[in-house]
Amino acid sequence: MNFAAPSLDHDRAQALFGQLVDEQLAPAEEQALRSHLDACADCQHELERYARTVTLVRSLERERAPAELAAQVMKRVRRRRRHLFGLQGGRFFEHVSMPAEVAVPVVLVAIAAAALIVLLLQ
Amino acid sequence: MAEAFEEVAGAACSSLSAPLDRKDSDAPPASAPESAELWRERQLLRRLRRGDERAFVELVREHQDRVYDLLVRMLGDREEALDLSQEVFASIHASVARFRGESRLSTWIFRVAKNHCLNRLKYLQRRHRHRSTEISNVPEGVLEACAPSRRPDENLAERELRALVRRGIALLDEEHRLLLVLRDIEGLSYHEIADITEQPEGTVKSRLHRARASLARLVAQLEKE
């Protein structure tokens with residue numbers, strides 16, 4: 001049984017161009033669109049312009065990343081890691097301003113407290 | 001120019017009947033090469049989670065061209081795009097262990113790149129370096145010189161047309177430009193684009209259509225100038 005394709009107005013017809021170009025239209029919609037296009041020179045012209053543009057965009061040359069990008073990324077990753085360890089480890093005391101005459105007793109007291117805790121736990 | 005127009009228009013119309021080499025959302029289940037690709041991706045992910053540095057270099061090499069291409073088109077500045085590509089991959093390095101694998105690795109990488117890119121565009125706009133304005137003011141000759149290497153089979157009129165298209169893309173708003181680049185340059189499926197842009201698939205389709213229609217109008221205007 002043949003169903004007549006529903007007629008489309010210009011706006012509805014043009015809204016289907018994207019799916020037509022991407023081959024995603026259902027057969028009934030495509031038939032309706034083709035019927036409209038057969039009778040509408042304006043929409044035909046719009047479709048040509050639309051499809052030509054999509055084809056041109058798809059034919060543009062791709063940009064290629066410089067070959068050294070991976071090395072540059074690794075350099076950035078290592079720099080960040082060093083910075084992070086610097087803050088958490090080796091250079092910690094550079095970020096804490098404490099004179100030696102205060103720092104030494106503080107460290108000794110901390111060690112003594114830790115030893116006391118260990119003894120008490122035993 | 002007229003000859004090139006006809007040639008390209010002819011190709012465009014014939015492309016309507018020829019199937020496009022693209023993965024669409026309604027594509028059949030994964031084929032054997034696709035399954036092999038998924039398996040390889042899972043292996044790579046396992047190595048990445050273990051902190052294998054060589055695996056990370058492999059990942060960068062595999063995805064660098066697509067990320068860089070997207071960023072050049074979005075930012076319109078190769079130096080800025082190169083810096084941001086490094087930033088994107090450094091951030092991927094920091095967060096890949098937390099990637100749960102709910103989408104394809106490539107889709108996730110594009111999503112990270114998109115987020116960084118939109119932030120950078122906002123930052124550049126605040127500094128009054130709006131990319132589209134900048135590109136649209138660049139003389140044609142300079143744009144042409146910046147264009148990727150010429151194809152040997154490309155004649156002058158085709159080159160001019162493609163330069164107009166590049167210029168038109170630069171004039172689109174960010175959202176339209178992103179959708180157009182992901183679909184028509186990177187060749188991603190609607191499903192992947194919906195995942196990257198975090199929009200429903202139907203919204204992606206209608207906005208992409210508007211992007212293409214705007215570009216078609218812009219190119220026609222630029223041709224008349």
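In what order do the elements of chain A run from the N terminus on? They run α-α-α-α-α-α-α, and chain A accordingly counts 7 helices and 0 strands, where helices (H or I, at least four residues) and strands (E, at least two) are DSSP runs numbered from the N terminus. Before I go on, please keep in mind that this is a predicted model, in which local features need pLDDT of at least 70 and side-chain atom pairs count only at pLDDT 80 or more, while totals for chains, interfaces and linings use all residues. Residues are numbered from 1 along each chain as its sequence is written, and chains are lettered from A and ligands numbered from 1 in the order in which they are written.

Let me stay with chain A for a moment. Buried residues make up 20% of its 122 residues; a residue is buried if 20 or more other C-beta atoms lie within 10 Å of its own, exposed if 12 or fewer, and partly exposed in between, with C-beta atoms placed from the backbone. Helix α3 of chain A, residues 27–39, has 13 residues and reaches 19 Å from its first C-alpha to its last, close to the 18 Å expected at 1.5 Å a residue, the expected span being 1.5 Å times one less than the number of residues. In α3(A), the residues A:A32, A:L33 and A:H36 are buried. Seen down the axis of α3(A), the buried residues fall within an arc of 95°, so they line one face of the helix; the arc is that of the directions from the helix axis to the C-beta atoms. These buried residues pack against α1 (10–15), α2 (17–21) and α4 (41–58) of chain A, whereas the face of α3(A) turned away from the buried side carries the exposed residues A:P27 and A:D38.

Turning to chain B, there are 11 helices and 0 strands, and of its 225 residues 32% count as buried. The domain assignment, which comes from an automatic or database source, gives domain 1 (45–129) and domain 2 (137–225). Between them, 13 residues of domain 1 of chain B are in contact with 12 residues of domain 2 of chain B, contact being counted if the C-beta atoms of two residues, placed from the backbone, lie within 7 Å. On the side of domain 1 that touches domain 2, α5(B) gives the most, with 6 residues.

What about the interior of this assembly? In the largest nonpolar core, which has 64 residues, B:L71, B:M74, B:A113, B:L179 and B:L180 touch the most other members; a nonpolar core is a set of buried Ala, Val, Leu, Ile, Met, Phe, Trp, Tyr and Cys residues joined through C-beta atoms within 7 Å. Helix α3(B) gives the most to this core, with 10 residues, and the core draws at least three residues from each of domain 1 and domain 2 of chain B. Leaving aside its neighbours within four places in sequence, B:A113 is in contact with B:V67, B:L70, B:L71 and B:V88.

Finally, the two chains meet in a contact that takes 42 residues from chain B and 34 residues from chain A. On the side of chain B that touches chain A, α11(B) gives the most, with 9 residues. By class, that side of chain B has 26 nonpolar, 6 polar and 10 charged residues, where Ala, Val, Leu, Ile, Met, Phe, Trp, Tyr, Cys and Pro count as nonpolar, Asp, Glu, Lys and Arg as charged, and the others, Gly among them, as polar.
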